Amino acid sequence: MLTATDGGETNNSIPPRKTKKSSNYVQFFGVDLSPDNVAVAMVYFVQGVLGLARLAVSFYLKDDLHLDPAETAVISGFSSLPWLIKPLYGFISDSVPLFGYRRRSYLVLSGLLGAFSWTLMATFVDNKYNAAFCILLGSLSVAFSDVVVDSMVVERARGESQSVSGSLQSLCWGSSAFGGIVSSYFSGSLVEAYGVRFVFGCTALLPLITSAVAVLVKERRMVGPASGQNLSLAGPTFLESSKETATPHSDSAMFYFTTNQLGFTPEFLGRVKLVTSIASLIGVGLYNGFLKNVPLRKIFLATTVTGTALGMTQVFLVTGLNRKFGISDEWFAIGDSLILTVLGQASFMPVLVLAARLCPEGMEATLFATLMSISNGGSVLGGLIGAGLTQVFGITKDRFDNLATLIILCNLTSLLPLPLLGLLPQDNYEAVPNESEDVEMKSN
């Protein structure tokens, strides 16, 4: 996977948009590890390693604040609100240089805000309202830094083939998955051994890495507001690919079931998170190695149908059917999470590649953030619908009679976007577009 690059070549069969320059940098996922790319990878690594507090937050809301599954789902949806207004951060980053820099300064501030929010969680927070506010601040920190580094990725992906763009996204999400592996290994055991406050305190140190790596970003100092192109819309092509996230899910109800009914401990759930993080890395590798040249329609059709069918296996866990086949609850949960995460990551990667290739020069952060906000909005809407269905079906922290019905309903709704697959492009954009094709893509 790691190779050294001796040089590059230029394809003369088409009008070149970018000329590959000779480089002495080591490559990872086919991408030069230049200082800029290292900074991007490290920010994504921080996003993954911040999962250290995810399990602690879940147990804090359940055990310390004694919230019901529906209340927990609402707080989770509320904390996701910063991801819905990412276009605002993109517009600020693109148009309002801070201390002369569009990227570097905002990375520093994002890291400091994240450290501040988790410090509050570790010290002063003692009710659900304060908790929701601090989690919101932490989410804002990650969302803003995500917009900044995504714009850097888009700048590098512009004019490249789908394969090269896929390699860039693989580097980003591979780094995030590796961070998830690191945090998952310790998350459950730290909660069990030292408590949630200790974990929050450790998490407060991690965003400072984002502030530190900002010095690696090569950026010209700017004077006055930046100018960019008019914001264009991605059209139905990207909107279809984001609709899959708008379907309801039962994550909060399942967390309460596995902890209160099945007795899963924080340490074991940390091991499950470790497996899902490894599975996410496998999904990135699967896409980078075999799927990045496959048309989007085929990827979405296969992963949606397969994921829906496999998602039904959670009913086995709820009804205890897995034990009749001699499979323990623990092993069944691990295997189920592993397979579903691989499929989910493999289906999400082409969404990122498509979004990155639709962004015009000068407005990278704004448009990419807009596209991702559509996807995030679908996810938040799905969570809130799931919370409402949890309440309708009468599922509480100690009553799970209708949980199997909720799981079946949530999985069936994931098939709803299939009639819209025709809105996705048929080809794989493998060829680098020439100038006229690029203009047509931007004005789609």
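Cys 134 is buried, its relative accessible area being 5%, whereas Cys 202, at 25%, counts as partly exposed; here buried means under 20% relative accessible area, exposed over 50%, and partly exposed in between, with a 1.4 Å probe and protein chains only. A disulfide is taken as a pair of cysteine sulfur atoms within 2.5 Å, and by this rule the count comes to zero disulfides.

The model is predicted, so that local features need pLDDT of at least 70 and side-chain atom pairs count only at pLDDT 80 or more, while totals for chains, interfaces and linings use all residues. Residues are numbered from 1 along each chain as its sequence is written, and side-chain values use heavy atoms, with hydrogens and water left out.

**Salt bridges**

With a salt bridge defined as a side-chain nitrogen of Lys or Arg within 4 Å of a carboxyl oxygen of Asp or Glu, the count comes to five. The table lists some of them.

| Pair | Closest N to O distance |
|---|---|
| Glu 71 and Lys 128 | 3.3 Å |
| Arg 271 and Glu 267 | 3.6 Å |

Glu 71 lies in helix α3 and Lys 128 in helix α6 (residues 128–157), so this pair ties together parts that are 57 residues apart in sequence; helices are DSSP runs of H or I with at least four residues, strands are runs of E with at least two, and both are numbered from the N terminus. Glu 71 is partly exposed at 30% relative accessibility, and Lys 128 is likewise partly exposed, with a value of 29%.

Arg 271 is partly exposed at 28% relative accessibility, and Glu 267 is partly exposed at 34%.

**Two loop residues**

His 66 is found in the loop between α2 (54–64) and α3 (69–79), and at 53% relative accessibility this residue counts as exposed. Although His 66 is not a glycine, its phi is positive, at about 55°. Most residues other than glycine have a negative phi.

Phe 99 lies in the loop between α4 (86–95) and α5 (104–123) and is exposed, with a relative accessible area of 62%. When residues up to four places away in sequence are not counted, Phe 99 touches Ser 105 and Arg 221, contact meaning heavy atoms within 4.5 Å. Phe 99 and Arg 221 are 122 residues apart along the chain, yet their C-alpha atoms are separated by 8.3 Å.

**A nonpolar surface patch**

Leu 301, Val 305, Ile 408, Leu 412 and Leu 415 make a nonpolar surface patch of about 380 Å². Patches are made of residues with over 30% relative accessible area and no salt bridge, like charges being joined within 9 Å and nonpolar side chains (Val, Leu, Ile, Met, Phe, Trp, Tyr) within 5 Å; accessible areas come from the Shrake-Rupley method with a 1.4 Å probe, and for residues only the protein chains shown count as cover. Helices α13 (296–311) and α18 (403–413) each supply at least two residues of the nonpolar patch. Leu 412, which lies in helix α18, is partly exposed, with a relative accessible area of 45%.
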